[in-house]
Amino acid sequence: MAPTNTPPSVNGIHYFSQGWKLIRLPGIRRFVIVPLAINVLLMGGAFIWLFWQLGQWLPALMAKVPDWLQWLSYLLWPLTVISIVLVFSYFFSTIANWIAAPFCGLLAEQLEARLTGKPLPDSGWAGLVKDLPRIMKREWQKLAYYLPRAIVLLILYFVPGFGQTVAPVLWFLFSAWMLSIQYCDYPFDNHKVSFQQMRMALRQNKTDNMQFGALVSLFTMVPILNLAIMPVAVCGATAMWVDRYRTTLGRVA
């Protein structure tokens, strides 16, 4: 089914900015606490460890640059840093999302009820417990979609020349798409929309969803701000669901 029409000015950037506002809504803040705490503990600790390791990893990686590309080292060095942080941030955000998936789904559910005035039939903590097997199955589906593509991109990093120049760009674009899928999936899954159907719906607005995912990816790399990005992204993606997809794909009209 085609998504609902929205004004051209309402794009992925708009929904990302909306996420920062929506996490502060009265009645919603308490559902933000658990995803926020999980993200702070995992991402905070992971990035502290990463910055200690970068001093050892960078010289080793730059040593693999072929001689004919040494004149581009001033450009390749920041690209290498960005690549490491991108891969690292996506890896640990994926782990955080696995742990926090039930609570992110609950946050999306409660925010949708707040935005529409129509709670889902099985909303709340009891519904969360009942839906745990389905939620975990959905996370496996996302992982199965992600892993083969990620492995190909990681192999490209070791291709001389290409790996240091083009692969980081491809990885950023792929991360943007995957993060859009990751966070949009919570409201879609709350309505039991299949993973394949969700991807088809997101592709119909791929530019806007890539904008949203790209901003999530960028903020995931920014210390301090990345600690809040999980609930922000869930709220932004839920607002997008309500505006664009709920009428045609939701269980509640």
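Author: Helices (H or I, at least four residues) and strands (E, at least two) are DSSP runs, numbered from the N terminus. Helix H6 spans residues 167-190 and gives the largest share of a nonpolar patch, 3 residues. This is a predicted model, in which local features need pLDDT of at least 70 and side-chain atom pairs count only at pLDDT 80 or more, while totals for chains, interfaces and linings use all residues. Residues are numbered from 1 along each chain as its sequence is written, and side-chain values use heavy atoms, with hydrogens and water left out.

The patch covers about 420 Å² of surface and is made by Val-159, Phe-162, Val-166, Val-169, Leu-170 and Leu-173. Patches consist of residues with over 30% relative accessible area and no salt bridge; like charges are joined within 9 Å, and nonpolar side chains (Val, Leu, Ile, Met, Phe, Trp, Tyr) within 5 Å. A salt bridge is a side-chain nitrogen of Lys or Arg within 4 Å of a carboxyl oxygen of Asp or Glu. Accessible areas come from the Shrake-Rupley method with a 1.4 Å probe, and for residues only the protein chains shown count as cover.

Leu-173 lies in H6 and is partly exposed, at 42% relative accessible area; buried means under 20%, exposed over 50%, and partly exposed in between. Ala-176, also placed in H6, is buried at 1%. Setting aside neighbours within four places in sequence, Ala-176 is in contact (heavy atoms within 4.5 Å) with Asn-209, Met-210, Gly-213 and Ala-214. Ala-176 and Ser-217 stand 41 residues apart in sequence, yet 6.0 Å apart in space, C-alpha to C-alpha.

Conventions: Buried < 20%, exposed > 50% of the residue type's maximum accessible area, 1.4 Å probe, protein only.
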